[in-house]
Amino acid sequence: MTKRCLGIAFGFTVVASAFHFADNAARFAHYHDAATSWFNPASVVVAWFLQVALGATGFLLDRNGRPAGRPILLGYSTLGFAGFLHYLVPPMEGMDVMMHVLIAFEAIASAILLAVILTRHDATKQGGLETHH
């Protein structure tokens, strides 16, 4: 897999999570009635920005050949499965089809990113070919 594939998968995951988190913030009361002084629509938006910042850090480190990038990206990719936690917090009857679709969309995007990360090989290591400058 190339760096381009990783970039596309990362971008797809960011977009999918943006749709899911935006829906969470806009329709917060429909997902659950667990609003507190710290858990509210604004905290959902802040969480999304922090999550994307983590992923972007991993992506940039990886693109620049830094070994820390891959584990950070792996961690970021697993966060997309956290949407399934909605199914542990009642009331589920308040969730409509679009909510389920957005949870699935983010999970699928995250699974694709995870697969790209795990199957990606640096071109300089394939077949024993190394470039020397």
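The following legends describe close-up views of a predicted model.

**View 1. Overall fold of the protein chain.** The protein chain contains five helices and zero strands (DSSP runs, with H or I over at least four residues for helices and E over at least two for strands, numbered from the N terminus). From the N terminus on, the order of elements is α-α-α-α-α. Among contacts (heavy atoms within 4.5 Å) with a separation of 6 or more, 71% join residues 24 or more positions apart.

**View 2. The stacked pair Phe10 and Phe59.** The ring centres of Phe10 and Phe59 lie 5.0 Å apart with planes at 5°, so the pair is stacked. Phe10 in helix α1 (residues 3–26) and Phe59 in helix α3 (residues 41–63) are 49 residues apart. Both Phe10 and Phe59 are buried.

**View 3. The tilted pair Phe10 and Tyr76.** Here the ring centres are 5.5 Å apart and the planes stand at 55°, so Phe10 and Tyr76 form a tilted pair. Because Phe10 lies in helix α1 and Tyr76 in helix α4 (residues 69–79), the pair ties together parts 66 residues apart in sequence. Tyr76 is buried, with a relative accessible area of 1%, and Phe10 counts as buried at 10%.

**View 4. The cluster of Phe10, Phe59 and Tyr76.** Ring pairs link these three residues into a cluster.

**Notes.** Residues are numbered from 1 along each chain as its sequence is written, and side-chain values use heavy atoms, without hydrogens or water. In this predicted model, local features need pLDDT of at least 70 and side-chain atom pairs count only at pLDDT 80 or more, whereas totals for chains, interfaces and linings use all residues.

Definitions and conventions: Phe/Tyr/Trp six-rings, centres within 6.5 Å; stacked < 30°, edge-to-face > 60°. Buried < 20%, exposed > 50% of the residue type's maximum accessible area, 1.4 Å probe, protein only.
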